[in-house]
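Here is a short briefing for a reader who is new to this structure. Look at the sequence and the model first, then read on.

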Amino acid sequence: MEMQELLEQVEKYKIVPVVVLEDAKDAEPLGRALQNGGLPVAEVTFRTAAAADSIRAMKKAFPDMLLGAGTVINVEQCKQALDCGASFIVTPGYSEEVTEYCCNNGIPILPGVCTPTELMAVVSHGLPVAKFFPAAQFGGLKTIRALAAPFPQMRFMPTGGVSEANVKEYLEEPKIIAVGGSWMVKQDKIRAGRFDEIEEMTRSAVALVR
Ligand code: 3PG
């Protein structure tokens with residue numbers, strides 16, 4: 001997948017569900033809930049040992065889903081995620097090695113930033129979008145506007161503390177291409193197998209930003 005295609009899709013969906021899966025058996029029902037709820041997109045985080053298998057299982061069950069790997073902190077994880085079918089990479093902070101690897105291999109990446117210095121590093125790779133993380137703790141919209149001022153070409157995907165209460169406000173800002181968030185894919189609901197509720201939460205999220 002090309003960077004441009006990723007950005008178009010992310011902008012269309014407006015929300016990228018940030019998923020933590022502890023057991024790869026949950027990947028398929030979760031993918032179904034997201035798809036049925038109207039958000040066939042996920043950032044599956046490498047925060048658990050089940051991440052790679054979960055990406056593989058979700059991709060197999062739903063080949064058309066836009067599937068990325070999140071919390072990627074080194075090239076090894078990056079390669080593993082790509083092998084399992086991830087189409088894009090998200091990093092929580094700026095990693096030179098991961099960003100360079102992705103840029104050199106034509107893999108779309110959304111590197112995490114929360115300071116001008118990190119943003120400068122991302123800009124130096126010629127990338128057009130950064131993840132702003134953790135958004136709420138680092139000043140939310142006000143900080144995004146301030147960071148965007150010296151980098152008028154850059155856009156952002158704020159993640160961390162985005163919820164039903166503030167998602168619309170974030171998305172009204174033209175510098176924001178989409179938001180990332182876990183409010184519709186809560187871990188306790190995944191653990192309890194309440195995929196019908198996840199689907200409902202996803203549907204509400206979509207209705208809110210339509
Ligand atoms: C992430 O990994 O990007 C965030 O933890 C998601 O943040 P949230 O749980 O506050 O939505």
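A polar side-chain atom of Lys131 comes within 2.8 Å of an oxygen atom of the ligand. The model is predicted. The protein buries 80% of the 310 Å² that the ligand exposes when taken alone.

**The ligand and its surroundings**

- The ligand sits in the largest pocket.
- Around the ligand are Val18, Arg47, Lys131, Phe133, Thr159, Gly160, Gly161, Gly181 and Ser182.
- This shell divides into two nonpolar, five polar and two charged residues.
- Gly161 takes part through its backbone: a polar atom there is 2.7 Å from an oxygen atom of the ligand.
- Ser182 takes part through its side chain: an N or O atom there lies 2.6 Å from a ligand oxygen atom.

**The sheet of six strands**

- Six strands form an open sheet with parallel pairing.
- Their order is β5-β4-β3-β2-β1-β9.
- The edges are held by β5 (109–110) and β9 (179–181).
- Each of these two has a single partner strand, so one side of each is left without a neighbour in the sheet.
- Within this sheet, β3 (residues 66–70) pairs with β4 (residues 88–90) in the parallel sense.
- Two bridges make up the pairing of β3 and β4.
- Ala69 stands opposite Ile89, a residue of β4.

**The sheet of three strands**

- Another open sheet has three strands, in the order β6-β7-β8.
- Here too the pairing is parallel.
- At the edges are β6 (112–113) and β8 (155–158).
- Each of these edge strands pairs on one side only.
- Strand β7 (residues 129–132) is joined to β8 by four bridges, and the two run parallel.
- Phe132 stands opposite Pro158 in β8.
- Lys131 belongs to the residue range of β7 and is also one of the residues around the ligand.

**Backbone details**

- Which two residues does a cis peptide bond join? They are Phe133 and Pro134, with omega at about -10°.
- Pro134 has its place in the loop between β7 and α7 (140–148).
- Lys14 has a positive phi, near 70°, in a residue other than glycine.
- Where is Lys14 found? It is in the loop between α1 (3–13) and β1 (15–19).

Technical notes:
Residues numbered from 1 in each chain as written. Heavy atoms only, no water. Near = heavy atom within 4 Å. Polar contact = N/O pair within 3.5 Å; in protein donor to acceptor, adjacent residues only side chain to side chain. Areas by Shrake-Rupley, 256 points an atom, 1.4 Å probe, with all protein chains shown as cover. 1 Å grid on protein atoms, 1.4 Å probe; cavity = no way out; pocket = protein on both sides within 12 Å on 5 of 7 lines; lining within 4 Å. Sits in = over half its atoms within 2 Å of the grid points. Nonpolar A, V, L, I, M, F, W, Y, C, P; charged D, E, K, R; others polar. Pairing = 2+ DSSP bridges.
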